[in-house]
Amino acid sequence: MHALKGIIDKFEHRRSSPEVGYIHESSRRLDERDIYRYRRQRGVNLGSWFVLERWISETPFGNAAGPGSSDYDVASGGLGARETLERHWDTWITDEDWQWIAERGINSVRLPIGYYHLYAKDPSIVKGTPFAKLGMVFEGAWQRILKAIDKASIYGIGVLIDLHSAPGKQNADAHSGINGRVEFYNKANLSRTVDVLILLATAFKETPNVVGIQLVNEPQNNIHLPGWYKSAIDSVRATTGPDLPIYIHDAWSTDQYASLVSARSDFVVLDHHLYRCFTSHDQTLSGDQHASALPRDDFARHAETTRGNFVVAEFSAALNPNSMGTSDAGEQDRQRRVFARAELELFESSCGGWWMWTYKKDGWDAGWSLRDAVRAEIMPSWVGIRRSSHYENDVKKRDEHASYALEQHTQYWSAHKSKYEHWRFETGFKQGWDDGFLFFCFSPSTVVEPPVSELGFIGQWLQRRTLEHAWDHGKSSNMWEFEHGFRQGLQAAARHCKDN
């Protein structure tokens, strides 16, 4: 944190100088939170740690009540249920796992939790729900969630808090906490869920490595969902202010909810989940064909609509056995590899972040377990940019690049007669370059060498910078020149970083 403060002080001093004035005096100063939250997220889900899924981890279900497939069933399994859960929470993810994750360049984890895991924080959270008499079974969860976030910070890893199980269960699956009907859209449950989210947002709004809160996981789409999303976001914002990113799932209707994100100016991120192993159509395509058929144009459109606030918070390398047309393990892994690498290429080009489902599971499964997929060379053993040297912003080099870019910009627009303010382009270029290096230079004190951070949610960050620029220099019909310059400066900084 202290090293980052020194870097920010140096950048802020230059930006706030009278001749440049990038940051208005009333703006919140940049800090560690901004790097964690705006950087490109390359992550993995810690599936079946708190929200249990039997196909991932069998052991906790040994004494579960019927039908034996949800957290509710495990908690209803008698006097030993609390001990069973706490033993699992303490052993499923350990220091060795955190180190393994960090040593692969992964800078973020998605942490699925249920509302009942907040019992120790506020016992009233389960009142009026099926978990009302089971709260004590989950009493130990909250401190372990806090410990997980602290542990992640030691490794420089961000945490996306995912409300995977909401009051009334938001989807028909057992991983929504309980079996039965979807009753999430009852007025009382919608209200309870907002209370849960406010509790989470209040607890984590100042935590540097909490990169966001996901309102609910994979909600069943409903006529009431768009309105609830809007009111829930506004309620959380009233508690946290504008800085905490809020993630919403697309409820399998991506265009619909991309429009919702587009209509907002605050940091709201659209989450889409991509799997190609469940439907009958999935079975008709090989891994190579699935790789070729990935929705590249759709992703580009969603990214544009959401100004880049678009992520894939769940995907896997899994293919249906019928897809691969062979029992040969080597060929199956080859198809998974082609598919997985195509997914990552798509996500890197169109998304602000991605999280594979899941980190590990019982037995060997190179389609679903990241650990197994890396061992089988289906997923890469490292993601992102390796930190090969100490990065430092070379202002002289920046100014040389800015001068050349300004010359090209001026020359091009001289053929299109209008009133321009090319100085805004130059200012934007330098801002983009400086901001790029602000992320590159971020090197938290961790137990392993962290990967290079890169600005990921560029559109949201640029919106913030453009508003500051307008405040300092006045609004203009030529604000686009600042924005063009910023993007070119950011790209030039990235090239310089990778070349050196």
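Predicted model: local features only at pLDDT ≥ 70, side-chain atom pairs only at ≥ 80, totals over all residues.

Biologist: What is the closest cysteine sulfur to that of Cys497?

Modeller: The closest one belongs to Cys441, at 8.4 Å, so the distance is again too far for a bond. A disulfide requires the two sulfur atoms to be within 2.5 Å.

Biologist: How many disulfides are there in the whole structure?

Modeller: The search of the whole structure finds zero disulfides.

Biologist: Is Cys441 buried or exposed?

Modeller: Cys441 is buried, at a relative accessible area of 11%. Cys497 is buried as well, with a value of 2%. The cut-off for buried is under 20% relative accessible area.

Biologist: Let us turn to helix packing. At what angle do the axes of α16 and α18 cross?

Modeller: The axes of α16, residues 422-440, and α18, residues 479-499, cross at roughly 40 degrees and come within 6 Å. The two helices are therefore oblique to each other.

Biologist: Is the crossing left-handed or right-handed?

Modeller: The crossing of α16 with α18 is right-handed.

Biologist: A change of topic: where is Ser350?

Modeller: Ser350 belongs to helix α13, which covers residues 329-350. Ser350 is buried, with a relative accessible area of 11%.

Biologist: With which side chain does the Ser350 side chain make a polar contact?

Modeller: Its partner is the side chain of Ser349, at 3.4 Å. Leaving aside residues up to four places away in sequence, Ser350 also touches Phe299, Ala300, Ala303 and Phe310.

Biologist: And Met324, which helix holds that residue?

Modeller: Met324 is in helix α12, residues 321-324. The residue counts as buried, at 6% relative accessibility.

Biologist: Which residues does Met324 touch, not counting those up to four places away in sequence?

Modeller: Met324 touches Leu319, Gln332, Gln335 and Arg336 on that count.

Biologist: What separates the C-alpha atoms of Met324 and Arg301?

Modeller: Those C-alpha atoms are 30 Å apart, and the two residues are 23 residues apart along the chain.

Key
Residues numbered from 1 in each chain as written. Heavy atoms only, no water. Buried < 20%, exposed > 50% of the residue type's maximum accessible area, 1.4 Å probe, protein only. Helix = DSSP H or I, 4+ residues; strand = E, 2+ residues; numbered from the N terminus. Polar contact = N/O pair within 3.5 Å; in protein donor to acceptor, adjacent residues only side chain to side chain. Contact = heavy atoms within 4.5 Å. Axes fitted to C-alpha atoms, helices over the stretch in contact; angles between N-to-C directions. Parallel < 35°, antiparallel > 145°, perpendicular 65-115°, else oblique. Left-handed = near helix turned anticlockwise from the far one by under 90°.
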